[in-house]
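Please read it alongside the sequence and the coordinates shown here.

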Amino acid sequence: YVDKVSRIYVAGHTGFLGSTLIKKLENNGFHNIIPENKELDLTRYDKAEIFFAKNKPEYVFLAAGTTGGIIAYRIYPYHFLHVNIAIMNNVCGSAGKYRV
């Protein structure tokens, strides 16, 4: 059970998936959604950790990641994999550290 006043962080809130998730949460009565600073770089653990320490989310939805088209994925597969794994590791690591 998630309390309606719980502090929720949607990593990647400006993307298609994240913005859709925020709308769903708000439509279901969740309004304590932590805003994400546009300068937040989730590929850097120090930045992610500072964000979690300051904002103390209780729940995290990970919708952040770098994306591209089919051609970009074929030309730069390592780049997309590397960046998205870094984001996942930093968000999950910070969430674990702060017992989210």
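## Asn37 and its loop

Asn37 lies in the loop that connects E2 with H2. In this predicted model, Asn37 has a relative accessible area of 42% and is therefore classed as partly exposed, since that class takes in values between the 20% limit for buried and the 50% limit for exposed. The side chain of Asn37 reaches the backbone nitrogen of Glu39 at 2.8 Å.

A separation across the model can also be given from this position: the C-alpha atoms of Asn37 and Ile70, which are 33 residues apart along the chain, are separated by 29 Å.

## Overall organisation

The protein contains four helices and three strands, and from the N terminus on these elements follow the order β-α-β-α-β-α-α. Taken along the principal axes, the box filled by the C-alpha atoms is roughly 45 × 30 × 25 Å.

Of the 100 residues in the protein, 29% are buried. When contacts between residues at least 6 apart in sequence are considered, 69% of them join residues that are at least 24 apart.

## The sheet

The three strands form an open sheet in the order E2-E1-E3, with parallel pairing. Strand E2 (33-34) and strand E3 (59-62) stand at the edges, and because each has a single partner strand, one side of each is left without a neighbour in the sheet. As a matter of background, the strands of a sheet pair through backbone hydrogen bonds, in either a parallel or an antiparallel manner.

The pairing of E1 with E3 is parallel and extends over four bridges, and within these two strands Val10 stands opposite Phe61 of E3. E1 also runs parallel to E2, to which two bridges join it, and here the bridge partner of Ile8 is Ile33 in E2. Both faces of E1 are covered, with Ile8 and Val10 buried on one side and Tyr9 and Ala11 buried on the other.

## Helices against the sheet and against each other

Which helix lies across E1, E2 and E3? This is helix H1, made up of residues 16-27, which runs at about 160 degrees to E1.

In general, two packed helices are described by the angle between their axes together with the distance between those axes. For helix H2 (residues 45-55) and helix H4 (residues 77-97), the axes come within 9 Å and cross at roughly 40 degrees. That angle makes H2 oblique to H4, and the crossing of H2 and H4 is right-handed. On the H2 side, Tyr45, Ala48, Glu49 and Phe52 take part, meeting Asn90, Val91, Gly93, Ser94, Ala95 and Lys97 in H4.

Glu49, which belongs to helix H2, has a relative accessibility of 14% and so counts as buried, the limit for that class being 20%. Apart from neighbours within four places in sequence, Glu49 is in contact with Ser94, Lys97 and Tyr98.

Is Ser6 buried or exposed? With a relative accessible area of 5%, Ser6 is buried, and its place is in the segment before strand E1 (8-11). A polar atom of the Ser6 side chain lies 2.9 Å from the backbone oxygen of Asp3. When neighbours within four places in sequence are left aside, the residues in contact with Ser6 are Asn32, Glu58 and Tyr59.

## Two residues with positive phi

Most residues other than glycine have a negative phi. Lys56, placed in the loop between H2 and E3, has a phi near 50 degrees, which is a positive value in a residue other than glycine. The relative accessible area of Lys56 is 53%, so this residue is exposed, as values over 50% are.

Arg99, although not a glycine, likewise has a positive phi, of about 55 degrees. Arg99 is found in the segment after H4, where a relative accessible area of 78% makes this residue exposed.

Terms used
Residues numbered from 1 in each chain as written. Predicted model: local features only at pLDDT ≥ 70, side-chain atom pairs only at ≥ 80, totals over all residues. Heavy atoms only, no water. Buried < 20%, exposed > 50% of the residue type's maximum accessible area, 1.4 Å probe, protein only. Polar contact = N/O pair within 3.5 Å; in protein donor to acceptor, adjacent residues only side chain to side chain. Contact = heavy atoms within 4.5 Å. Pairing = 2+ DSSP bridges. Axes fitted to C-alpha atoms, helices over the stretch in contact; angles between N-to-C directions. Parallel < 35°, antiparallel > 145°, perpendicular 65-115°, else oblique. Left-handed = near helix turned anticlockwise from the far one by under 90°.
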